[in-house]
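Visitor: I would like to learn how to read helices and their packing in a model. Could you take me through it slowly?

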Amino acid sequence: MLRNSPNCLTAPSPTGTLRPALDAYDLAVRLEMEGVTDEVARTEFGLPSTFALARKQLCNVTGGDYAATKPAEKSRLAQLFNGVTFAIPVLICTITSLLYRISLWGGDLSADLATAVAIGTISSFLVTGGIIQASARRTLFQLQCEQWDEARATCYHWTLLGIKTLVGTLGLGWAFNQYFRWLPTPIDWIALAFHLFLGLLWLACGILYALEMGWAVGAAVLAGIGVVASLHLGGGWPLLGAQLFGVAATAAIAFAVAAIVMRRNRKKQGRGEHFSLRVAHKIAPYFLYGSCYYLFLFSDRILAWTSHATSSSLPLQFRGDYETALDIAMIAFIGQAGWVHMSVLAFYRHMNAAQSGFNVREAAAFNAELQRFYLRRAAWFLPVAVALGLATYSIAVHYGLLPTEAMRKVAAVAVASYPLLVFGLWNTSLFFALSRPAGALGSILASLMVNLIVGYTCSRVGQYENAVYGFAAGSAVFAILTTVGYLRLSRTVDYSHFASAA
Amino acid sequence: MQIWIEFLRVAIPMVVLLVLLPTLAARMFSTAATSRFSDLLAVGFVRTALFLVFLGFLLGAWKLYLPGIVFTAYAVWIVGTVVLASRNGWLYDLDSWTFGYARLLRSVEQRSRMRHVLDRTLELSQDYLFLTLLIFAMFLHFAWNPLSNLRFPTAAGYAQTLSLGTLLNGSASVRDASATLLAPIALASGLDAATVVRLSVPLLYLLILSAIVCCSYAYSRSPWPAVLAVIPFWHYSSGPGIEAATTPDATLWATLVLIAAVGAGRRSVGTACSGLLLAWLLAPTLPELFLIALASLAIGFVGFGLMRSGPPILRKASVAALFLLGLSSLASPLPSVPPNGPFQYESAARAADRIARKFQRNRWIVVSPMHETAFVTGRGWHKELPQFLDEFPTTAAADKAFRLPFELADIFIFVEKRPLPQIAKLAVPGNSSNSFYYATSPGRTSMAYRAAEFIAAYSSSHNGVTIFHEDDDLVVYQIHQ
């Protein structure tokens, strides 16, 4: 028997009207209603939180194992892995391309075909980026509430919307090209095909990331590359045809895995969340942010590839040296982005712990504590990120991966810019964690404008590789604006935390 | 059908960029109660045209006439117009945006108001119905030649196409103001410079007809002087004076001076000055077309004065006579245009255009007389036939080891089977050798003969020579490398 047991723990209730608790969540609510906060649970019951007290009490009643019900906390390595899962397809493709000269997209193609693939890849990201961001926001919320049926239906609706958007933009792209005649046939059809199939792949990967199944994405991509290899090397198919088939197969596998996992966890037939004006209003900032973010990431490439193209055979000319330099710099970015995921989880943990450590009259101290945590993290991140960038650049130069001056310039500027971008992403994650997307949206919009203006001017006045300066300027603006925004927000983070939970 | 689609692709950007957006920007949030829509149309057109011409000169001088910069500058111009036209600082006031949104909803809901505006427009247009129909028919009549022929009837058309192409390629600065005005339209239409220049001619003709109507109305408040003015103008400009009307510079010049006159009539100093300044930039000399327009306007005003001062029976008879005159004008045969010349065969222009549309950009080269350059600029490469023949003699072409030094997939060589007849028999002393080849019959014949000789020698020792186009006058050989 626990000391000073609250009424709800001494079932049955004296009046006989209090029904037994449904689960640990129900019991935790009842405990909080009787004033059992985390602090009380710690000082009077010797347990870390109210929720732990509820779980222990339920185990006492049902005879379950308390230790087994404890939510599993992932190791730091696993957290880091989760943070970099977004890059799995690109990483696997790069590795297989380097080792076996075979990949899911790209590879040994002519300049025109590489341009078509690049256009399809970028447009697929631009079209699906916002949808994936919005879908992930809703799905993650429902998965955290263990509402699997709703999450499944939400995924279904958003994926359907994504497919419709992909098909719609396919038609628009075709009409646009018919009007301006930028890409001749069959380059236009190749670009459109990659746009559709890669878009489907990103939609499927988005669901698996929401389910925290990055390994499944990796497995699907490997299987897709296997399909490409068997069709191209074994069956003698043209590389592009095999790649399109491989991308489609990868998307199908990813969709199938997601559907199986969702179906296995379902409890009842749920209708989920329909797309309504209310949902659109709530999700619009996340959708816009996703679209703008991908446009931000690719705008310098688009500017570089369209610069000084009047004498080339296509108005957009894929420039492999620019892409290679950015890809090398991206290795540093992937490592830094993993830190963002870890830091956001640490922020949640720290905020929850700090919340139970301060009473309602100590809001200012609570805010100051979180601000100190933020600054500590920032102080750790920046030197490590710079060191990672320097190491990546030095290794690339040492092994001759950046043979030209232009490539070295692009890689150096990109390596210097990625920490700023990642720092902005960390701030953005905090905005999202506190359900304050407006700050992130405004920052990315301003940064995108800076990126476009600076990149356009530099690449047109000077050489095409100067487009990377736009990316650098945009990243700096993004980091500054989001940092200022978060520091302002952190003065009232107690309110934001409360409001985000409401 | 395709030519009409292309015509719309030029017409819509021209109307939207030069007239509609500037007018709406000036009117949408304007607090000036006295601003008339027709005045704003003229003001919007002149100011925007002036802005685009200066922008073209500025960016062209730095070789930075690029779509992104042009359209960003244009957007800034339109936003600036909106901000300057409104005086209540609504741009920075969140409430005014909310009220604006509410007003928009209310205007959508209040259909009766919209119907009232439509009724007023229809009521007004009844008075102008005959005039509108007359102008439309004149426009179609005039547009027949540029819509059915690719080649230009004047040297100015080729020169302007090359200026426009040069500006769009960002390869050099240009001094042609009409090219800088047409460049944003070319960018928005997605068409080549030659098509834009050719199809803009009837649109500019429509513009000058509208300017005559505006000028007539500004000083008389009646549609009849305009009817009296456009009929003689059309007779002179589309008949013997067709060459004058097909020069976009001259058309624009006359239009702008007329708009300046409208501005002066309405006591709008800004419009009058902007119109005159832009006209001076376009062509400092007085174009013949303007004199025709001026004379037509004089005829219109004098005729209208006589109609108004005479007895009622004379007035009715004049109106009936005007109807008959208008109808007889429209019933007159289409202007007869020679099937070829004076600078190139129509089939040569069509072949060059077909090559540019069919083959991938910058993967081919046309070797021909210089006038085909206008049809390939910005889409492919061009080399003048006399220079080509001087560089690669027939004896060299007969050698199996000979390779044409072009890193391109296809080479097209134009050979005239019947050299295009030229008026001049001898070259003008002191001019370049090109004038001998292009402007004299012996030179043209010699060029065609040498080209045929080269092809005969080359095809006897090389594979990959086919005929891309052939008719009674011209043969186009394709060398696939």
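What follows is a dialogue about helices and their contacts.

Guide: This is a predicted model, in which local features need pLDDT of at least 70, side-chain atom pairs count only at pLDDT 80 or more, and totals for chains, interfaces and linings use all residues. Residues are numbered from 1 along each chain as its sequence is written, while chains are lettered from A and ligands numbered from 1 in the order in which they are written.

Visitor: What span should the 21 residues of helix α10 of chain A have?

Guide: Helices are DSSP runs of H or I with at least four residues, strands are E runs of at least two, and both are numbered from the N terminus. The expected span of a helix is 1.5 Å times one less than its number of residues, so α10(A), residues 214-234, should span 30 Å, and its end C-alpha atoms, 29 Å apart, agree with that. After α10(A) comes Gly236(A), with a positive phi near 75 degrees.

Visitor: Which elements do the buried residues of α10(A) pack against?

Guide: A residue is buried if 20 or more other C-beta atoms, placed from the backbone, lie within 10 Å of its own, exposed if 12 or fewer, and partly exposed in between. In α10(A) the buried residues include Val217(A), Ile225(A) and Leu231(A), and the buried residues of this helix pack against α6 (88-100), α9 (187-210) and α11 (239-264) of chain A.

Visitor: How is a pair of packed helices described?

Guide: Two packed helices are described by the angle between their axes and the distance between the axes. Axes are lines fitted to C-alpha atoms, for helices over the stretch in contact, with angles from 0 to 180 degrees between N-to-C directions. The axes of α16 (residues 437-461) and α17 (residues 467-489) of chain A come within 7 Å and cross at roughly 160 degrees. Angles under 35 degrees count as roughly parallel, over 145 as roughly antiparallel, 65 to 115 as roughly perpendicular and the rest as oblique, which makes α16(A) roughly antiparallel to α17(A).

Visitor: Is Leu452(A) buried or exposed?

Guide: Leu452(A), found in helix α16 of chain A, is buried, because 21 other C-beta atoms lie within 10 Å. Two residues are in contact if their C-beta atoms, placed from the backbone, lie within 7 Å; leaving aside neighbours within four places in sequence, Leu452(A) is in contact with Ser299(A) and Gly470(A).
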